[in-house]
Number of protein chains: 2
Amino acid sequence: MAGPKKEIDPTWTQTLIRGIRNGETAALAQAITLVESTRPQHLEMANTIVEENLKNAGKSIRIGITGVPGVGKSTFIEVFGKLLTSKGKKVAVLAVDPSSTVSRGSILGDKTRMQELVKDAHAFIRPSPTGNSLGGVAKKTRETMVLCEAAGYNVILVETVGVGQSETAVHGMVDFFLLLKLAGAGDELQGIKRGIVEMADAVVISKADGDNQKRAKMAQQEFKRALHLYPPKSNGWVPKVLTCSALNGEGMDQIWDMIGGYLDTAVASDHFHQKRKEQNKYWLLNHLDELIKDHFHHNNEVSKALQRFLETVGNGKISPFKAAQKLMQLYHKSLKI
Amino acid sequence: MAGPKKEIDPTWTQTLIRGIRNGETAALAQAITLVESTRPQHLEMANTIVEENLKNAGKSIRIGITGVPGVGKSTFIEVFGKLLTSKGKKVAVLAVDPSSTVSRGSILGDKTRMQELVKDAHAFIRPSPTGNSLGGVAKKTRETMVLCEAAGYNVILVETVGVGQSETAVHGMVDFFLLLKLAGAGDELQGIKRGIVEMADAVVISKADGDNQKRAKMAQQEFKRALHLYPPKSNGWVPKVLTCSALNGEGMDQIWDMIGGYLDTAVASDHFHQKRKEQNKYWLLNHLDELIKDHFHHNNEVSKALQRFLETVGNGKISPFKAAQKLMQLYHKSLKI
């Protein structure tokens, strides 16, 4: 991942804005790096770039794709993405990688993923392996989507790894939410979090090929029945259940047609734009949360005091509760000056 | 759940503090209601009560219990809890119920759960069905643990419902983390989030009775092998895999003995106290986050402006990005006065 070359050059910001507008992937990649940076001067540049690009953004379909590890998400995205670029679409793939909180191992370090799509001139793939908080990564995903759209990408695929919180966050920023599921023996719903199934606009049973085809069809029937038990969606859309095989490319066209059908209905009923408006409200609230916290932690005096208090709290000399109160008093005092 | 009777009576705070110290469950329940309240005057009372009780807290073993819906968590807790009270322990059961983000259905509305334990004079059961955010409920769980400990409860069981974020939060505030698992056909690890298995200090295969006994034993073997693939824990503890049956009470004594063994090792190596110290640091950081946000949102002028900006952001008249910046400017200006 290339870092920004000139950190305080104001013309650099303009160069990136122009580059994105011209669809240059190098400029896009560097702007995203700025967006993901936690350094204040980068943040300032990033804000300007995102704000400038907002007017050229929004003209895409944003698709969230989730599923447990092993379900074949990257293979699916590889084949599905190639189909879309062959149809003349420009496809951006963003991966929300919350990593494991214990091992902090990044599943996206694997360079062998999406080998074909990586070489495709009409595809842009951007993992975000650096996130130290689920919410943090997902927040930057909104800004990253804006930049991709401004650079001319009209299909955005956002991949998440099936651990609950990131799905909720991603569901709140996409137009269509797709759950990939492997056909297994027995109870198909075992192990799937109810909340994630509820969010899905479609369930796609992956790896429906060879010996697995019959099981996939059975799983499809089971899911169709199960989805009827969930409350209807506010837009009247009834979640679809499809099967596909990334191995032989089967079912991919149907998935794209289904999403097209969803779009037609949602745009006609204005639900599409209503949903994006609601998502923008959430964006405001989430972004505010970040700004409020940043302002506190970037306060030099407070930040130093926090380090001292962490020490004394660790030694049991003061309660976390009391320490927090004292830090807030210090923060407010420092703001009044 | 009884609400606080007198909202602004300062002697009420002292009555509750005294009541908790005397182990009165009514006082404990009302104090927890105050802790969970979002009203500023309740918050102030709650802070005083928690701070006062902190010196009497900490003398318990805190056990987190997780598992997907249907695994039999409440039946397990009912039988395990009864065993502990029969051994002379005072047991508090706290349930972190994040609800479903879509349907907002509360699994804790079910009054038939833990029928025996509810009647036990040495058990205190407190569901928290009102939470509107995962983090929110979990944050209050720390304070609630402190109050329970101050009231003399020496085993705290914290139940979570297996959706990822709440487990991470609860793992960060307990001494021992137990994953309940149902023996199923085929791949035992299917559907379990890697992160949650990594956090577990023990995996317990539930419902190991009748026809299911053989499958439970197989699942136990499979898990033992699988757990070897995870990185070792920093304290040297090797996670154990046990089976149990809540139906006939089998395996419960072994589970308690295992936890006792963990405690002995962890206390001897001082890892137990080191972990609690680290957890207190997290508590400070989490509590700060809440205070910072509360302070922003309780600002009358800012709060009104936020409502206006949500409107204009919804109408697309201003970007979420710009709106957030303007709100921050307003907030900082209001603080200087």
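Student: In this predicted model, what follows helix H4(B)?

Tutor: H4(B) is followed by B:Gly88, whose phi is positive, near 90°.

Student: What makes the length of helix H4 of chain B close to the expected one?

Tutor: The expected span is 1.5 Å times one less than the number of residues. H4, residues 73-86, has 14 residues and reaches 20 Å from its first C-alpha to its last, close to the 20 Å expected.

Student: Why is H4(B) described as largely enclosed by the rest of the structure?

Tutor: A residue is called buried when its relative accessible area is under 20%. Ten of the 14 residues of H4(B) are buried, so the helix is largely enclosed. Among them are B:Phe76, B:Ile77, B:Phe80 and B:Leu84.

Student: What makes strand S4 of chain A largely enclosed?

Tutor: Five of the five residues of S4(A), residues 155-159, are buried, so this strand is largely enclosed by the rest of the structure. A:Val155, A:Leu157 and A:Glu159 point one way, A:Ile156 and A:Val158 the other way, and all are buried.

Student: How do you know that strand S1 of chain A and S4(A) pair?

Tutor: Pairing requires at least two bridges. S1(A), residues 61-66, and S4(A) pair over five bridges, in the parallel sense. A:Gly64 stands opposite A:Val158 in S4(A).

Student: Why is helix H12 of chain B called roughly antiparallel to helix H13 of chain B?

Tutor: Angles over 145 degrees count as roughly antiparallel. H12(B) and H13(B) pack at an angle of about 170°, with their axes 10 Å apart. That angle therefore makes H12(B) roughly antiparallel to H13(B). Residues making the contact include B:Phe309 of H12(B) and B:Leu327 of H13(B).

Terms used
Residues numbered from 1 in each chain as written. Chains lettered and ligands numbered in written order. Predicted model: local features only at pLDDT ≥ 70, side-chain atom pairs only at ≥ 80, totals over all residues. Heavy atoms only, no water. Helix = DSSP H or I, 4+ residues; strand = E, 2+ residues; numbered from the N terminus. Buried < 20%, exposed > 50% of the residue type's maximum accessible area, 1.4 Å probe, protein only. Axes fitted to C-alpha atoms, helices over the stretch in contact; angles between N-to-C directions. Parallel < 35°, antiparallel > 145°, perpendicular 65-115°, else oblique. Contact = heavy atoms within 4.5 Å.
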